[in-house]
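Good morning, colleagues. Please have the display open as I speak.

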Amino acid sequence: VALTVGGSLLIETVRAGQVAASWQRIGADVRVEGQVTPSQVADVAGKSGVTAAGSALVTTGVQMELGTTTGFATMLAIDHRFPDAAGSQPGASDSASLRKLARDTAPTAALPVVVDTALARDLVTGNIALYYGLKKVPLRVVGTTDLTPTGYLSGPFIYVDLASLSERMSESLTARTLLVVGPGARHAAAGLHVPRASIHSR
């Protein structure tokens, strides 16, 4: 009896670990790496068996002014659907802070930003800035989050609204990462007609 119970517990522990690792590695049921338009994201989100879908433009090595110091971070410029997709994994942190980014802000105002908890500990002010291309973009910290893609990207992480960032640039920015959640995620992603190597599934 003891061997049976112990073995069952071990199997369940391993399975739970495998599931958790798969979510961390992919970030959703399916992650698509490639350019996706807002209409494509909306189309995928509406497919049968898809519970959530959201996109982001990921930029690594973004230079930051953090008040008294400078540093580098991975920036995720996200659409309004991203919090639902990223927050769908089991045990995910509350994604409410990310929803604050989708609020309308004037192009001349500081861009709202959510930072991860590690970066937040190093901040001495809520007014920081980033350099994107040739532009310096003033930022205003509106929240922190533990919802970070550490399974496939390196931090620290910052989140901004893709549409709001695009308004501050001289050209339109397009998402290049799509997260899809739900039993129909793989079928929906296959309908994008992107290279098979660009589709990563749990």
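This is a predicted model: local features need pLDDT of at least 70, side-chain atom pairs count only at pLDDT 80 or more; totals for chains, interfaces and linings use all residues.

Residues are numbered from 1 along each chain as its sequence is written, and side-chain values use heavy atoms, with hydrogens and water left out.

I begin with Thr74, and with what surrounds this residue. Leaving aside residues up to four places away in sequence, Thr74 touches Val58, Thr59, Thr60, Leu153, Ser154, Pro156, Phe157 and Ile158. Thr74 belongs to strand β3; strands here are DSSP runs (E, at least two residues), as are helices (H or I, at least four), and both are numbered from the N terminus. Is Thr74 buried or exposed? Its relative accessible area is 4%, so Thr74 is buried. For reference, buried means under 20% relative accessible area, exposed over 50%, and partly exposed in between, with a 1.4 Å probe and protein chains only.

Pro156, one of the contacts of Thr74, sits in the loop between β6 (135-145) and β7. The peptide bond that joins Gly155 to Pro156 is cis, with omega at about 5°. Most residues other than glycine have a negative phi, and most peptide bonds are trans.

Next comes strand pairing; two strands pair if DSSP finds at least two bridges between them. Strand β2 covers residues 52-65. With strand β3 (residues 70-78), β2 pairs in the antiparallel sense over 8 bridges, and in that pairing Met64 stands opposite Gly71. These two strands form a hairpin with 4 residues between them, and Gly67 in the turn has a positive phi of about 95°. Strand β2 is also antiparallel to strand β8 (residues 175-181), with 5 bridges, and there Ser55 faces Leu178. A further antiparallel partner of β2 is strand β5 (residues 127-132), over 3 bridges; in β5, Leu130 is the bridge partner of Met64.

Which residues does Met64 touch, beyond those up to four places away in sequence? They are Thr69, Thr70, Gly71, Ala73, Ile128, Ala129, Leu130, Leu139 and Ile158. Met64 and Ile128 are 64 residues apart in sequence, yet their C-alpha atoms are 7.5 Å apart in space. Met64 has a relative accessible area of 1% and therefore counts as buried.

That leads to the interior. A nonpolar core is a set of buried Ala, Val, Leu, Ile, Met, Phe, Trp, Tyr and Cys residues joined through side-chain atoms within 4.5 Å. The largest such core has 37 residues, and those touching the most other members are Met64, Met75, Leu130, Leu139, Ile158, Leu165 and Leu178. Strand β2 gives the most to this core, with 4 residues. A second, separate core of 19 residues includes Ala28, Leu98, Val114 and Tyr159. In soluble globular proteins, nonpolar side chains tend to be buried together.

Strand β7 (residues 157-161) is mostly covered, with 5 of its 5 residues buried. Strands β3 and β7 run parallel and are joined by 5 bridges, with Leu76 opposite Tyr159. Strand β4 (residues 111-116) runs antiparallel to β7, with 2 bridges, and Val115 has Ile158 as its bridge partner.

Finally, let us turn to one residue in a loop. Why does His193 count as exposed? His193 counts as exposed because its relative accessibility is 72%. His193 is found in the loop between α7 (185-190) and β9 (199-201), and has a positive phi of about 60° although it is not a glycine.

Definitions and conventions. Contact means heavy atoms within 4.5 Å.
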